Structures are given as structure tokens and as C-alpha cells.
Amino acid sequence: MLTSQSTESGAVMAHGVQEPLPEPTGSPASAAAGARTLEELAALLRDLRRRHARSRRDSTLTYRELALRTGWSQTAIAEYFTARTLPPTDRFDALLKVLSATPAEQRALATARDRIEEAARKARRRKAGPVAIPPPPRTVPPRPVPRQLPAPPGTFTGRARELADLDAALDVAPQTPGAPGICTVSGMGGIGKTWLALHWAHAGQDRFPDGQLYADLRGFDPSGRPAEPAAVLHGFLDALGVEPAAIPVGQQAATALFRSLTAGRRMLLVLDNARDTAQVAPLLPGGAACRVLVTGRRRLTGLVAAHGARPVALDVLPGEEAAGLLARHLGRTRLEREPAAAAALLGCCAGLPLALGIVAACAATHPDLSLRALAAELAGNPLDALDAGEPQADLRAVLSWSSRALSPGAARALALLGIAPGPDIAPAAAAALLGLPDPAARALLRELDHAHLVRRDAAGRYRMHDLLRLHAAEQARDRHTPAERDAALRRAIGHYTDTACAGARVLAPHDPAPLPGGYEPGSPPFPLPDAAAAMDWFDAEHTNLLAAQQAAAGHGWDAQVCRLARALDPYHRRRGHLADAAAAWQLAVTAAGRLGDPAPRAQAHQMLGDAHAQLGGTADALRHLAQALELAELTSDTAGQGEIHHSLGGAWERHGDDRRALEHARRALAVFQALGDTYRQARALNAVGWLRTRLGDHTAARADCTAALALLLQHPADHRQLGESSTLDSLGHIAHRLGEYDTALGHYRRALAICRAQGHSHLEADVLHRTAETHLARRSPAEARTAWEQARALYTAQHRTADADRVRELLAGLGGPVS
């Protein structure tokens, strides 16, 4: 990225500040009352200087700017702000006005200045003895004040929270008495660690009047040779005025001399691009007045544990800050001319400052190139496009420097994680992917996390930046054979599938279709002891399961595609993920067609038809269900035919033909009665009763649903729950149609309790809707509003737009606000 060159030694040149600086503690007027020393007065001047910057939303006034405004020398101004000289009265008053002090603050600070001057005068009189001829002055060479900071980043923007974290970390006293205050800034390559450190250091130069030292430790340099601490110490001692012949040869002696020279001095050390704690420890200064800012791609936990360092982890830029950084490079006018292309560029860069800088450099050096063309190039192969022709401006190269520093096992893990299905991964799935025991896989994940190559979230799952993931996938292709990659992917998909099948057996214990066991050795399922654990696991892994099915389809692993569709179905039904269910079964229909076995084809067509029906696509539903019935009859699958007739009943109901729906529901009931399957008899009886009440035969409907409930009660409570909630919902609706509103509400309450206990939010939304209708019929509009608002929230979350809109209209009819 581009940086501006500083022309003023020691000046604060942080032109990129976009956020307010941290608030000083207390007001200058109140603080002035307690000021007794020159250092305290200078601190108040610095507070005013920072407040002035906040008021104009800009960087603090540099010494040059203050010199231009006052006509004084920069040296004099520096001495006023660093407590070396007490400003004369007239200059002090003028300085307060330049810094926009209020009249009250001017009076309080002037009083403090006079008090400090009088105290100094009295101290001189007490020390004065008989007048004597002073000895001739001895010339003492001044102590060097090093100013080694590189130029500040000219396009720095945002990072207000991280800057505040640095202030908080480095302004407080060190945790270890007598030791320097240390802060580490860590993050992945290209995340902007050096920019943050230099921006903060330049903005706070006046805090360190004794100088600033800087060293690039080259921890992740393309040469692969980190800087030796002894060589860095030699440079620091030279900057502090030690004659070359007096610099110790041994590292320990050089460290001791460095600590002696820095003890008691207010200095800042910026140690950039550190490799590890061992490289940094010999470079730590002496005394609590120094502060050390260390950047590195690793977390440097040794500095935290052994030296009391305070860590600041750097993440990607939020959307607004990323857009602001791109705008500072290219100008808002150019971005506003092509807003869609600008949004695409920001999406490809995913908040990574280096990527944004490379994009900006390409756009700036090719002013005739449209942002649309640049976005198209990024969409093709981002890593190829994010190469500006130099090692430091080639994202692929920068990322590779991190992977080179890994152990062989961690490098293999990083590459294979790049091809894992889904956006994140749990340790159990990573162990399957890598073909390792769980403890060994976790150790490698920790190494990658310490190197900021993966990020662990609060739930213990690991995620990789999108661009880093592309780089890792390239590493997998370059370093591993197709057979090795396929084996790893089979293990991961096998783990997901086997665990999903185990979860499906917990959620749908009455499903007669067997869910076969393991698919690939080395992919043991995650234990799911009960329905709650199964739902939690499906919630966490849902996106990955869909990605695993897509990956299996892409590799032609058809049996796995069908198993995943079946295993996901109970979860999709409970959560109301109807579109995801349809997509999963569509893949299964295609895969089952290649298997040559009519049984999985029949089930895939039936379940796809069922999903289409619930989504409102009844024509497609009836077509797939007809194909399913034909296949089931071909194989004499009686139970399958009963299931298909049950689905046909639901499809014809949604198609608007309740009588034809009732025919299929009765045929399903006859099949399950012949098979002696009491659970499915109950479900079919409930369907018959539901359709009868829709046709106006409420008495017969109640008898059917009551009989269904009696059959369900013959089963264990944990196995009958969902069927029981559906039947109670039907009985509540029948009672409502008969005008028995209190009875209806009693059935609905029991149904809701079961739905919520089982996580069946799809049915819960429908029961809430019917509960609201009953409350309204009882002339209880407040209770109706509460139930409809809850139903609408669930419909919206489940993307059931038509249902959500219908409830919104009903709420509007009640009067009052509708969110």
C-alpha cells in the first residue's frame, strides 16, 4: 500500500485518523487544581492537544503546525509538551487559545502554571548558599534521542477500537514492577499489524520524549532468515550513542547494557514482524518508563505468560472501514461511479487491508481500467489478481510466508482444511478429515490458531479467511495427490454423514427405512445421546452438511448423496428448512437415478414431492409423487406405498382438493393397518381426521383424532412426541370449529409444549397461528396479538413469506403498530 513520507523528525503525522481519540480522564480545569509539577502541567497540555484533534475530527496538531500558528520554534514547542521547559506566561496563554481551551480552563491552567513557577523559585532560593565563583563549565555531550520510526501509513483509516485497546494496554503501569509495559499486536499476514503499530506510535510520540526505537525482526521474511537479536541490539546501542568499540560482543552483555541505558528513560520500542518470544525477549528494555509494541503473525503467548504483555488480536476490517480505506485510495467519486463493482471488490477482499491495498494499487496505476473489469478479474482467480508485481504486494506470496513457518503436520492440516466442505469446522470433523486421533488434530488446530491461520470462535469451531482458504486449497493441490485429497474428503464427508444418520435415528425413531452405517474408515460419528444434542449438532453443522452433500455430488459419490438427504430430512422438517430440504432431495433424485436401484429412487422422488408440496409447488409435487408410487409398486414396497399415499394426501390438500386428499389418506391408513404399524396408523388417522374437519364433518374428525391419540399413547413418551403434537393440533382445530374455545386452547398449549421441547419450530408456528385465531374468537385480541407476533417471527425466520405476510395483515386488522 502507499504511504506518505514524513518531513518532520519527531512530528505527529497520522493523517489517516477517522475516529475520535480516547477521552482523557477528567477535565483540564479540574485537573489543573491538583497540578504541582512541570510534568503534570505538560500532561494537561497534551490532553488539550488530543481534545482539539477530536473536535476537528483530525490528527493532533504537529509541532510544525503549532510553530506556524505561534511563530515559535519547533524545539521550544517540543520542550513545552515534554516537560523540559516551563512556558513563559504570554506564550502559555497563547498556546491555550490555539488549543481551544475555554476561559475557565485558561484561568485554572494559568494559575497552575504560576504555582509551579513560584514553587521552583522558592526551591532555588533554598538551595542558594554563599555566593561563590562557579567552576568553569564542563562540556557534557547530550544524550542521543533516537527517532527511528518509519513514516506513518498515509492511508490509515478506522481501527478505533484497536487503537483504544493499545492506549489502554500501554498507558497503564506494567504488570511486573520495574519491567517495561509490553503490548503484542497479532494477526494473519496482510491484516495491517504494522500499519496499526506505526499509526499509534506516531500519534503518541509526545508520550516518549526520550526517543523511539524501531526494528523489523523479519520473522516471516521471504528470505526465511529472521533478524538475530544480537544484530538488533547492536543497532539500538549505536542509536543510543554507544561507541562501536564499546558495544559488547556477547548477546547477554549487550542486553544488559541496553537495559541499563534505557532504565528510567521514557522510550518506545516498536519490534515489528516478530517470529516468537525467544527473538523478542533479549530486546526488552529496562525500567517501567519504557513501552514496547510488538507485532507478529503468531500470538506470542510467551510474552503474555512470562513478561505480562497485553495482547491485541487484529481481525479483518468491518464493511464500513474497508469501504473507507478503498475510498481513501481511489476517491469516493470513482467508487460512486461504479457502486456494484466497488461492492464486488470489497466482497472479494473480505476486509483484508493488504488485499484492499493491492486492488487500489492496480486501479490507481491503471486509471483507465474500470472497476467492473477489475472485479471480473478478481472473481476469476482472486489470488492471481491480487499480485501487484512485488513480493510485499503479492497476497499469495505474503500468505505463503506464514505456511513456511509451520511444522510439517500443521502445514498438511492447513492444506487439507482448505478443501473441507463448509465455511468452518469442528475439531471432531477436522480429526476425520486429517485421519488423526482427536488429541493430535486438536494440537494441530491450536498451532494454526496461534499462527492466525485459523480462528477459533466462542463455540470452539475453527474458521479460515476466504482468501487464505483459497491459498490453502492451492497448497492441497500442489502438495497432495488426487488420491490423498479424495481420501481426506471421503473421511470428512463420512464423518458428517454417519453423525447425521445417528442424529436422524434419534429424531425420527419410527422411520422404517434403514440408515446404513459407516461409509469410510477413520470417520467415526460424533456422539448424539438425545434429541436436544442432535438438534444442537444439526444447527451447528447444517451449512457444512449441505456443502458435504454438494461435494459428494460433485465427486459422483451417489450413495453418500442419498444418505445425507435422508439423514437431513427429520431436522429440516423440525426447523422448517423447506427450501434446503427440496435442494437436498433434488440432488438425491439425480444421484439415485445413477444407482440403478428403484428403492432409493422411489424415496427420493417421494421426499422431493413432499418438499415441493410444502413450498406450494403442488404441480411438481404431484409429478414426483406419481413417479415415486410407480417405482414403489414396481418393487412391491407396501410400506413405501403407504408413505407415498400419505404424502399425496398432503399434496392434494395444498392443491385445493380435500376430497381427493382424503382418498389417499384412507389408502395410507389401510396399508399401515394391514402392516400392524400402530405409530403410522395414528399418523394416518390424524390425517384422515384433519381432512374430515376441513370438509365439515367435525364429529367424525374428532373420533379419528382421538383414536390416533390413543394409539400414540401406547408408545414410549420420547418416541410419540411429534405425532402427539400434530394430533393435539388437529384436536384443537376441531374444538375451535365446534365453538369449544377453551378446549381448543388446552390442546394447543399441550401441542406447543411438545413442539418447543422437541425443537419443532415449523409446526410451532402453525399452532401459534391457530391459537391466535381461537383467542380472537374468544374476544381476547391482546392474547391473539401476542400469539400472532410469535408466529410471524417464526414464519419469517423459516422464510415462509406468504404465511408471514398473511399474519401481518391479521395483525394490522387488530389495530395498533405492526413491526
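# Helix packing, aromatic pairs and local features

Helix 26 and helix 27 (residues 578-595) pack with their axes 8 Å apart, at an angle of about 150 degrees. Helix 26 is therefore roughly antiparallel to helix 27, where angles under 35 degrees count as roughly parallel, over 145 as roughly antiparallel, 65 to 115 as roughly perpendicular and the rest as oblique. The model is predicted: local features need pLDDT of at least 70, side-chain atom pairs count only at pLDDT 80 or more, and totals for chains, interfaces and linings use all residues. Residues are numbered from 1 along each chain as its sequence is written, and side-chain values use heavy atoms, with hydrogens and water left out.

**Conventions for helices**

- Helices (H or I, at least four residues) and strands (E, at least two) are DSSP runs, numbered from the N terminus.
- Axes are lines fitted to C-alpha atoms, for helices over the stretch in contact, and angles run from 0 to 180 degrees between N-to-C directions.

**Helix 26 with helix 27**

- The crossing of helix 26 and helix 27 is left-handed; a crossing has this hand if the near helix is turned anticlockwise from the far one by less than a right angle, and is right-handed if clockwise.
- On the helix 26 side, D558, A559, V561, C562, A565, R566, D569 and H572 meet D580, A581, A584, W585, L587, A588, A591, A592, R594 and L595 of helix 27, contact meaning heavy atoms within 4.5 Å.
- By class, the residues of this contact divide into 12 nonpolar, one polar and five charged; Ala, Val, Leu, Ile, Met, Phe, Trp, Tyr, Cys and Pro count as nonpolar, Asp, Glu, Lys and Arg as charged, and the others, Gly among them, as polar.

**Helix 26 with helix 25**

- Helix 25 (residues 531-554) packs against helix 26 (residues 558-575) at about 140 degrees, and their axes are 10 Å apart.
- This makes helix 25 oblique to helix 26.
- Helix 25 and helix 26 cross in a left-handed sense.
- Helix 25 contributes A531, M535, F538, D539, H542, L545, L546, A548, Q549, A552 and A553 to the contact, while helix 26 contributes Q560, V561, L564, A565, A567, L568, Y571, H572, R574 and R575.
- The contact of helix 25 with helix 26 comprises 14 nonpolar, four polar and three charged residues.

**Helix 26 with helix 28**

- The axes of helix 26 and helix 28 (residues 598-615) come within 12 Å and cross at roughly 20 degrees.
- Helix 26 is therefore roughly parallel to helix 28.
- The crossing of helix 26 with helix 28 is left-handed.
- R566, D569 and R573 of helix 26 make the contact with Q603, M607, D610 and Q614 of helix 28.
- One nonpolar, two polar and four charged residues form the contact of helix 26 with helix 28.

**Aromatic pairs**

- The count comes to four aromatic pairs, with rings of Phe, Tyr and Trp (its six-membered ring) pairing if their centres lie within 6.5 Å, and planes under 30 degrees apart counting as stacked, over 60 as edge-to-face and the rest as tilted.
- W200 and F208 form a tilted pair, 6.3 Å centre to centre with 55 degrees between the planes.
- W200 is buried at 4% relative accessibility, and F208 is likewise buried at 4%; buried means under 20% relative accessible area, exposed over 50% and partly exposed in between (1.4 Å probe, protein chains only).
- F538 and Y571 form a stacked pair, 5.1 Å centre to centre with 15 degrees between the planes.
- This pair links distant parts of the chain, as F538 lies in helix 25 and Y571 in helix 26, 33 residues apart.
- Both F538 and Y571 are buried.
- W537, F538 and Y571 are linked into a cluster by ring pairs.

**Enclosed elements**

- Helix 20 (residues 408-417) has seven of its 10 residues buried, so it is largely enclosed by the rest of the structure.
- The buried residues of helix 20 are A410, A411, A413, L414, A415, L416 and L417.
- Their cover includes helix 19 (395-404), strand 6 (424-425), helix 21 (427-434), helix 22, helix 23 (466-479) and helix 24 (482-507).
- A451 lies in the loop between helix 22 (438-450) and strand 7 (455-456) and is buried, with a relative accessible area of 6%.
- Neighbours within four places in sequence aside, A451 is in contact with R297, R298 and L406.

**Positive phi angles**

- R218, although not a glycine, has a positive phi of about 50 degrees; R218 lies in the loop between strand 2 (212-216) and helix 9 (229-239) and is partly exposed at 34% relative accessibility.
- R779, also not a glycine, has a positive phi of about 60 degrees; R779 sits in the loop between helix 36 (761-777) and helix 37 (781-797) and is exposed, with a relative accessible area of 75%.
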